[in-house]
Amino acid sequence: MALATLGINHQTASLDLREQIAFTQDSLDAALKELASLPNISEAMILSTCNRTELYLSHDTAEDIAQARDWLCHWHQIDQGSLRDALYWHADEAAVRHAIEVASGLDSMVPGEPEILGQFKQASRNAEQAGTLGGELHRLIQHTFSAAKKVRTLTEISRNPVSIAHVAVALTKQFFDQLQERRALVVGAGEAARLVARYLHDAGIGHLTIANRNLNRAQKLARELLAHAIPMSHIGHALEDADIVISSTGSPVPVLGKGIVEDAVRRRKHRPIYMVDLAVPRDIEPQIAHLSDVYLYTQEDLRQVVEKNLQSRENARREASAIIDQQVEEFARRTQSESAFALIRDYRDQAQQLRDETLEQAQQRLKRGRGPDETLEWLAHTLCNRLTHNPTQALNEAGQDNDHSLLDAARTLLKTRSPDS
């Protein structure tokens, strides 16, 4: 059996195409079973996220890759031409390398992002529940998890955030040790604000408020994150309670002026406020940075952190590549060892079967009155012939076909001398 990965990702396909061949959670079970039922495909796993759709397969021949591609197009009812330039596939060791790079975050849009490892684990659980995960893919997945853990533990690839929204939230931990005891106000409900709100939620913020001119949008986001939504007209009261304020709106003028923030600081009795302005043009008046007990960061401040972290991740990527090289080699050695073990086991089983059959026949000869010496002679002769029959036949055919590689391997295996020695 061989291993293969077939798919598209953010590097090869547009968002529109990625959406077309994404699998919903509800469709995965049926898709996995149908994929694994294709001729010569014995095992299957599907990894489907917003940035990639990949099929992980255990199969027999190279033609099976084309079969899987055809199935993918048929399942999603799209023309093969749409996938021609976006589709990639990896076989055997290249498939192992790709799996580790994906699970480690090296192949992600944001290098080192942690979400992909959880998505990879969920994909393996889906395959296991569908009954399409066998020994080959199970070994690949377990080795992938182990290798990804080494990459994330031994390098800095996932330790420093590289998106401005992520950095904005990560820096809160420099001001507050226990986020579950803090209150945050997110101003805006666009993409950047949504990311910030989700990061705050995932970090365990104690109380989260979303403020937006369109209250319906704020309420929709708040429902997703078990947060509280308010209109912009209530922002003054929310500022009084907020330890963390992160703003990202599309307003052409500041939405937070010096006066309203100064009043909030006074009512807070000078408890510090961490503020981040992610908007361009600015949402927070620059003069607010001069207020006591206010720590204001702008996009430019955060961008410097992002650039530093990106350089750190590039260095970590090189370290990770060296680790992955070792892990791919280790997987190949284990696979070869398991293959040799299976061969040894089958050969010994065959020899023991010949021994048992020959011994039973010898015992029958004794019962029929044949002498012990004659029976022992017959046993030794017959067992020798039977054990050497298949190898002798193969060596004769190798000699006739001038197959020197097989003959040389047989000399090493049988520890016989070369005819020239």
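Lys149 is exposed in this predicted model, with a relative accessible area of 60%, where exposed means over 50%, buried means under 20% and partly exposed lies in between, with a 1.4 Å probe and protein chains only. Because the model is predicted, local features need pLDDT of at least 70 and side-chain atom pairs count only at pLDDT 80 or more, while totals for chains, interfaces and linings use all residues. Residues are numbered from 1 along each chain as its sequence is written, and side-chain values use heavy atoms, with hydrogens and water left out.

Lys149 lies in helix 7, and together with Lys121, Arg125 and Lys150 it forms a positive surface patch. A patch here takes residues with over 30% relative accessible area and no salt bridge, and joins like charges within 9 Å; a salt bridge is a side-chain nitrogen of Lys or Arg within 4 Å of a carboxyl oxygen of Asp or Glu. The elements that contribute two or more residues to the positive patch are helix 6 (115-130) and helix 7 (135-154), with helices (H or I, at least four residues) and strands (E, at least two) taken as DSSP runs numbered from the N terminus.

Helix 6 also holds Phe120, and this residue counts as buried, at 1% relative accessibility. The C-alpha atom of Phe120 is separated by 6.4 Å from that of Ala103, which is 17 residues apart from it along the chain.

Let me turn to the backbone in two loops. In the loop between helix 12 (258-267) and strand 9 (273-277) we find His270, whose phi is near 70 degrees, a positive value in a residue other than glycine. Asp293 is found in the loop between strand 9 and strand 10 (294-298), and phi of Asp293 is likewise near 70 degrees, again positive in a residue other than glycine. As for cover, Asp293 counts as partly exposed, with a relative accessibility of 25%.

Taken along the principal axes, the C-alpha atoms fill a box of roughly 115 × 45 × 45 Å, and buried residues make up 41% of the 421 residues in the chain.

Definitions and conventions
Patches are made of residues with over 30% relative accessible area and no salt bridge: like charges are joined within 9 Å, nonpolar side chains (Val, Leu, Ile, Met, Phe, Trp, Tyr) within 5 Å. Accessible areas come from the Shrake-Rupley method with a 1.4 Å probe; for residues, only the protein chains shown count as cover. Lys and Arg count as positive and Asp and Glu as negative; His and the chain ends are not counted. The place of a charge is taken as NZ of Lys, CZ of Arg, CG of Asp or CD of Glu.
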